[in-house]
Amino acid sequence: MRVGILGSGLMGGKLGTIFARARHDVVFSYARSMEKLKKLARDAKGKARAGTPLEAAHDSDALLLAVHWSRIDDVLKQSGNLSGKVIVTCSLPMNDDNTELVMAHTSSGAEELAKLVPKARVVSAFNTIPSEVLFGVYEARRKARRPSLVYCGDDKGSKAVAAELIRDVGFDPLDAGPLRIARYTEPFALLVAQLAYEGEGGPELAYRFEWFRK
């Protein structure tokens, strides 16, 4: 696929790198400098390059939205017409100082994004995991037992695209249902982040959940 990365910070940079190594055609965009984007593309190797949000969106099969909530309007404006585009968002609707969600339970960032680009096809995924574990999951992707990753959305075709990307990262995609389920996964994602960065066990503690059977 041709995957455009809208937001090439920690999460976008790592996922974009993995997508490129999984043989997708990746365009990194929306970072503090073009030099950072070019370095990401060089390090990712494969079919990766730097570009603008408009270039990332052009002819893309999927877009990964990975920007701070305060920058949503700006990156969407720079991306141009997103009608019909598959947008996989991992952006949480956080306030400016990243202490709490600005919406939860009655709506979600994914649902609000769908309202901002009503003709796009939005899927929520990748926000329930700390970015630190991504490369480890990708490197272990051929193991028989793969960790699950939940995603949700309203369009069957766009969810199939997201599921393929999830598998390419090394996860077993778990369809959680319609996009409104993001009202519950986003607060969970914040809890995971708090465990990862404020708890004693670090990212692995937040990431790993086991089934307890008799």
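The model is a predicted one, so local features need pLDDT of at least 70, side-chain atom pairs count only at pLDDT 80 or more, and totals for chains, interfaces and linings use all residues. Residues are numbered from 1 along each chain as its sequence is written, and side-chain values use heavy atoms, with hydrogens and water left out.

Helix H1 covers residues 10-21 and helix H2 residues 34-44; the pair packs at an angle of about 40°, with axes 9 Å apart. (Helices, H or I of at least four residues, and strands, E of at least two, are DSSP runs numbered from the N terminus; axes are lines fitted to C-alpha atoms, for helices over the stretch in contact, and angles run from 0 to 180 degrees between N-to-C directions.) H1 and H2 are therefore oblique to each other, a label for angles that are not under 35 degrees (roughly parallel), over 145 (roughly antiparallel) or 65 to 115 (roughly perpendicular). On the H1 side, Gly 13, Thr 17, Ala 20 and Arg 21 make the contact (heavy atoms within 4.5 Å), meeting Leu 40, Asp 43 and Ala 44 of H2.

Now for the backbone. Most residues other than glycine have a negative phi. Arg 23, not a glycine, has a positive phi of about 80°. Arg 23 sits in the loop between H1 and strand S2 (25-29) and, at 77% relative accessibility, counts as exposed. Asn 98 is not a glycine either, yet its phi is positive, about 60°. Its place is the loop between strand S5 (86-89) and helix H5 (109-116), and at 44% relative accessibility Asn 98 counts as partly exposed. Here buried means under 20% relative accessible area, exposed over 50% and partly exposed in between (1.4 Å probe, protein chains only).
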